[in-house]
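Please work through the exercises below with the structure at hand, and try each task before reading its solution.

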Amino acid sequence: MIAPHYGFMIMKTTLHTASPSQLETECLVAVVLDAAENADKSDKPNPQIQSDDKAVLSAAADLIASGEVTGKMLETTLLHKPQGLKAKRLLLIGGGKAGKFSSAELRKLAGAAVRNLKSKELRSFVFIAPAVTDAAKAIVEGAIVGNFDPDYYKSDRKPQQIEDLTIIVRGDQKALAAEIEQGRIIGEAQNFTRDLVNEPANRMTPTILADRAKKMCDETGLKCEIYGGDKIRELKMGAFWSVAQGSDEEPRLIVMRYEPAGAPEKPVLGLVGKGITFDSGGLSIKTAEGMEKMKYDMAGGATMIGAMRAIAQLKPKVRVTAVVCATENMPSGKALRPGDVQIAMSGKSIEVLNTDAEGRLVLADGLYYARELGCTHLIDAATLTGAVGVALGLINAGVFSNDDEFYNRFAAALKKSGEKMWRLPIDDEYREMLKSDIADIKNVGGRYGGAITAAMFLKEFVGDTPWIHLDIAGIAWNDENKAWLARGPSGLAVRSIVEFAQEFR
Ligand code: BES
Ligand code: ZN
Ligand code: ZN
């Protein structure tokens, strides 16, 4: 069976300014917000449909009057043959409190509408954009991301997807068309990443990951260099190689460059990704339970490949270089041993006390190499620690930075993307925990603050370069379906990095 990859799933989006009631469609979707002022429990909801089309309001009037529709976040109510509308159905979807409603909620509603309607075998619908900033972009992003399902390998897979989305929105149509194009590019990049992450390790080896990156670069006009074990050793990437040495699969060092004509020489944004296509733990082997999930340990690398895809299409006037360190982490007669000392590309000696802390080893060399390639600013993404999930749950990614100003710029991108990330500290005091008796540093920090000591380890290799580290271990994979997102690879962090790159100067 050949897996139908993401490229097959394209959703067409159209803008419209007509009255919603006049559009013939399988389904018209309207957002309902609760405009009740006080959030105390005694307060009755005050549901308001986000449209000024009288026919839409009157078609839903009975439902609203009945109290069945409250506007609660993600509440859905489907009405067939709505009176006075040309649409066959009217879907009301709750967006929560009006005062708190933003593009972040709207993105989810669009995804939820897609998932709701495609499960009913619908192929097209019309969404009435509510009045929030960047509404059209958020709807397109959310809808495209909601359209993705990862069940490729099921023989009875139903090719369910929304093919056509129409958005009713007023305003400068040219600006709006540019907005939905941005949303499309960013949403598709997120799905591209999810498609890579979804593949099991036998179908996503370092070689395959590199081939997919190369193909993407060829299609989008990015420069791409792919290196194997010889080059990794020649570059003296002793930390990266130490992880790769135990596997029968060849490692790959993937370098992608976006160098638009007319962009200044500096700054250069460096994107570095952890691309462990399978993390068995190595000789410090993981327990059997849950080991299968370690096929997603290349999510950081896939994040950067997806982000580069969007950057190539959005064409910001700034240079971006991505480095992905791809290898398996396997036990074997050639494998890295606990206690081994390795010399990283930077020259620092590392005492490896746990071979399962391999992500920081490959990133140590990836980050250092990105600086050698001229990157003036760095962002890395990695499924680095289980500890980040202990600290932040499976909701927020962990963010770490050695530069407040750089972090603040990233925080602005987070606002745009709506992705949840929380900054954790990397004070000098934590460095103590990585002191080795025999080398410059050891690769594990002990029982406490595991996500922080992992970040502290990376910090050793970035020098003074402004740097952001995203630990996405807790959020890169969802075990459960959400109303707006299929279970499996989430593709989270792609949007924030792309938003950041677009504003980066
Ligand atoms: N890939 C794992 C981290 C991980 C855990 C990702 C759960 C996704 C979900 C990483 O390589 C790892 O094994 N980290 C160890 C570090 C420890 C040995 C210091 C961990 O978190 O247990
Ligand atoms: Zn590991
Ligand atoms: Zn790992």
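This is a predicted model: local features need pLDDT of at least 70, side-chain atom pairs count only at pLDDT 80 or more; totals for chains, interfaces and linings use all residues.

Residues are numbered from 1 along each chain as its sequence is written, ligands are numbered from 1 in the order in which they are written, and side-chain values use heavy atoms, with hydrogens and water left out.

**Exercise 1.** Find the protein donors of the zinc ion (ligand 3), and state their spacing along the chain.

Solution. Step one is to look for donors, which are N, O and S atoms within 2.8 Å of the metal (3.2 Å for Na, K and Ca), remembering that sites may look incomplete since water is not among the atoms. Lys 274 (NZ), Asp 279 (OD), Asp 297 (OD) and Glu 358 (OE) lie 1.9 to 2.4 Å from the zinc ion (ligand 3). Step two gives the spacing, K-x4-D-x17-D-x60-E.

**Exercise 2.** Give the strand order of the open sheet of eight strands, and its edge strands.

Solution. Strands are DSSP runs (E, at least two residues), numbered from the N terminus, and two of them pair if DSSP finds at least two bridges between them. The order is S8-S9-S11-S10-S14-S18-S15-S16, with mixed pairing. S8 (223–227) and S16 (421–423) are the edge strands, each pairing on one side only. Within the sheet, S10 (residues 268–279) and S11 (residues 319–329) run parallel, joined by 11 bridges, and Ile 276 stands opposite Thr 327 in S11.

Technical notes: Helices (H or I, at least four residues) and strands (E, at least two) are DSSP runs, numbered from the N terminus.
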